[in-house]
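Morning, everyone. I have one model to show and a few places in it to walk through. Have a look at the screen first.

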Amino acid sequence: MNVSTFVTSLDDIMRCAEIPQLHEVLLEPAILAREGRLSKEQVYELADAARTQGLRPVLVWDILLPERVWGELSSVLEAWDWSLFDAVRVNDIGAAQWLMTFHPKLPLQLNVETGNHNKGALLGWCEIFSPSLERLILSIELPEDKLMEYCRELPVPCELLGAGRILLFYSPRSLLAQHLSPEGSGASKGEAPRWEAVSASENSNFKPMPVVETMHGTFLFLDKDQFILDRLSSLLKAGLFMVRLDLRHLSHGSDSAQNVDTIVECTLSNPAMLRKEWPRPTRAPFFRTNNTTGQFSRMKASHHAYRDVHTLAEILFSEKRQYMVVVALRPFKTSEVRAMMLPSGEEFLLPEPLVFQTLDGAPCESAATEQILVVAWTKKACSGAFLRSENLG
């Protein structure tokens, strides 16, 4: 098992250097990382210290880059010493393209935790950013079977969050600073601005949700931590390359990786006990299955279950006592239409043949698949009803 974590101090570096399974550390400059606290000089110092201790320093550049932000950053980036880093981690595709253009030999780690959940898209990024792409950071919203499939079949190594906070909401806007006293809630002198609070609302049953604001926006986190350190065996067998530990919210002072040595040791020896002793409630809401689509079958009208070769068209729109607009689901002759099935499942024979017209108003005796037609209105007609060649009853 390979492990990575965030570091913000020399003490963090020394802890990580004592862990055989931990090979790289993540450095977050305030100007480039969403939750970054480090100045450029601090990042350089920690990168040098990491290499001295045999660790890979990875620069985190995970902010999104609208044109205004990119215009402000482009000249700043040219002054950075990119040779100090063994890889760069990005979220924004524009940032990835810039790195490939100006630093093509620098390994690229692409964070695809948001909005990139299907294998086709991931294979596309692998092709576009080859050969610079060295890793994909997968989403915790993927269930275990999909994660295993991606680890086996994607052409680059994969990484997954093993333990850490679950981001629920992000806005580039400042939502905390205007409500908090700058004396008590902001950063210390010389540090990047940062505000932290706990929010609660009636809609969330007053659960205490942590909120963080930095110069890059506002972040709302779940009141429980992602934790799968006791469920890694199948993923590791499938080829998961890197497990990330995010201990920033559990560390104090200038550190971000306190107790990382103990956590890694317990992950290897007794992960079940580690879960019980974790300082915050733990969850893995998507790991066994992603239930976000579980209600789709209930939302779908029941009559769709009876759609068969006798279902000829679906009503898209109905204007009472005037006309209906239908779409043909298969080729048919208009004289075949003899029955209607409503979304409620009710069905009945039509009292008389329907009169069909094309959108140009020409009489129509046959329809092609997906053709839109105008039909004389009939009683009970409504959007979503089916026109059929026979009545099921």
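Start with aspartate 255 and serine 9: their side chains are joined by a polar contact of 2.6 Å. Keep in mind that this is a predicted model.

Where does aspartate 255 lie? In the loop between β11, residues 242-245, and α9, residues 260-269. Is aspartate 255 buried or exposed? Its relative accessible area is 9%. The cut-off for buried is under 20%, so aspartate 255 counts as buried.

Which residues does aspartate 255 touch, leaving out those up to four places away in sequence? Thr8, Ser9, Asp11, Asp12, Arg15 and Arg37. Serine 9, then, is on that list as well as in the 2.6 Å polar contact.

Next, strand β9, residues 209-214. Six of its six residues are buried, so β9 is largely enclosed by the rest of the structure. Look at the side chains by direction. Met209, Val211 and Glu213 point one way from β9. Pro210, Val212 and Thr214 point the other way.

What pairs with β9? Strand β8, residues 194-199, runs antiparallel to β9, with six bridges. There, tryptophan 195 stands opposite glutamate 213. Strand β10, residues 217-227, is also antiparallel to β9, with four bridges. Here threonine 214 faces glycine 217 across the pair. The link from β9 to β10 is a hairpin through two residues.

Now the open sheet. How many strands does it have? Seven, in the order β17-β16-β21-β13-β14-β20-β18, with antiparallel pairing. The edges are β17, at 347-349, and β18, at 356-357, each pairing on one side only. For β18 the neighbour is β20, residues 372-376, antiparallel over two bridges. Within that pair, glutamine 357 has valine 374 of β20 as its bridge partner.

Stay with this sheet for the last stop. Strand β13, residues 311-319, holds phenylalanine 317. Its relative accessible area is 37%.

Phenylalanine 317 belongs to a nonpolar surface patch. Which residues make up the rest of that patch? Leu316, Tyr323, Leu359 and Ile372. Together with phenylalanine 317, they have about 430 Å² of accessible area.

That's my tour. Happy to go back to any of these places.

Definitions and conventions: Residues numbered from 1 in each chain as written. Predicted model: local features only at pLDDT ≥ 70, side-chain atom pairs only at ≥ 80, totals over all residues. Heavy atoms only, no water. Patch = residues over 30% accessible without salt bridge, like charges linked within 9 Å, V, L, I, M, F, W, Y side chains within 5 Å. Areas by Shrake-Rupley, 256 points an atom, 1.4 Å probe, with all protein chains shown as cover. Salt bridge = Lys/Arg side-chain N within 4 Å of Asp/Glu carboxyl O. Buried < 20%, exposed > 50% of the residue type's maximum accessible area, 1.4 Å probe, protein only. Pairing = 2+ DSSP bridges. Polar contact = N/O pair within 3.5 Å; in protein donor to acceptor, adjacent residues only side chain to side chain. Contact = heavy atoms within 4.5 Å.
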